[in-house]
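Here are my notes on this model. Please keep the structure open while you read.

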Amino acid sequence: RLQICCYLSTITMRAVIKSNLAILSQKIALLDLLVSKHGATKASDAFQKTCPIVGASIGQHYRHSMDHVELAALVASSAQDASMQQQQLGDLHYDLRVRGGTLEKDLVESRKRLSDVSDVLKSLNATIDDENTAITTATPVTVYFNLAADDAKEIGLPSTVERELGFCAHHAIHHLAMVRIICLQTVGLNEAELPEGFGRAPSTILFDKKQG
């Protein structure tokens, strides 16, 4: 049974890492597109420009979704230590975020953050064939959210590293859907220029393929 669990854990981790890396790659590709089309200065302005339809900028959506995946990736990376098997890896407080600031206003720093988190996930992916790592990726974590606007108390929920990386990918796709609108309506990009599948959920892409 242990061998089966390790095998399934490895498969799951590879899948969620692949999904997150693909999303990070799309984000980087969009920033590079903005720079190549508009030049560094105008691209920086576009990154910070608020879309009246969405009520936010590309930078704000990037920063928000990156706060989540960066946290989950760093906790997942700590699971590589085999000595932590069957131990609590730590808590993830998704709503304790720094809003505003450099990471949602500076395109260059945002791109560096994307690249750094990609490196963390690639490093993790390179180790998950190890049996101990496969076990620790399913080690329990507790995630905390603010679930009511009239109560500041966070709610803790049990989860695993794998589950949280899956959540972060799913969460990021919805923010990229908002970024897609900003690109098309506010910063002067057209549909054909966007990275393939940008801002579209895998389930939607699969549905469209069946219809086509």
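1. How much of the protein chain counts as buried? Of its 212 residues, 42% do; buried means under 20% relative accessible area, with a 1.4 Å probe and protein chains only.

2. A caution on the source. This is a predicted model: local features need pLDDT of at least 70, side-chain atom pairs count only at pLDDT 80 or more, and totals for chains, interfaces and linings use all residues. Residues are numbered from 1 along each chain as its sequence is written, and side-chain values use heavy atoms, leaving out hydrogens and water.

3. The protein chain has 6 helices and 3 strands. Helices (H or I, at least four residues) and strands (E, at least two) are DSSP runs, numbered from the N terminus. Their order along the sequence is α-α-β-α-α-β-β-α-α.

4. The largest nonpolar core holds 48 residues. Such a core is a set of buried Ala, Val, Leu, Ile, Met, Phe, Trp, Tyr and Cys residues joined through side-chain atoms within 4.5 Å. L30, I58, Y62 and L165 touch the most other members. Helix 1 gives the largest share, 14 residues.

5. Look at Y62. Leaving aside residues up to four places away in sequence, Y62 touches Q26, K27, L30, L31, F47, S110, L114, L176, V179 and F198. Contact means heavy atoms within 4.5 Å.

6. Helix 2 and helix 5 pack at about 170 degrees, axes 9 Å apart. Helix 2 is therefore roughly antiparallel to helix 5 (angles over 145 degrees count as such). Axes are lines fitted to C-alpha atoms over the stretch in contact, and angles run from 0 to 180 degrees between N-to-C directions.

Conventions
Buried means under 20% relative accessible area, exposed over 50%, partly exposed in between (1.4 Å probe, protein chains only). Angles under 35 degrees count as roughly parallel, over 145 as roughly antiparallel, 65 to 115 as roughly perpendicular and the rest as oblique.
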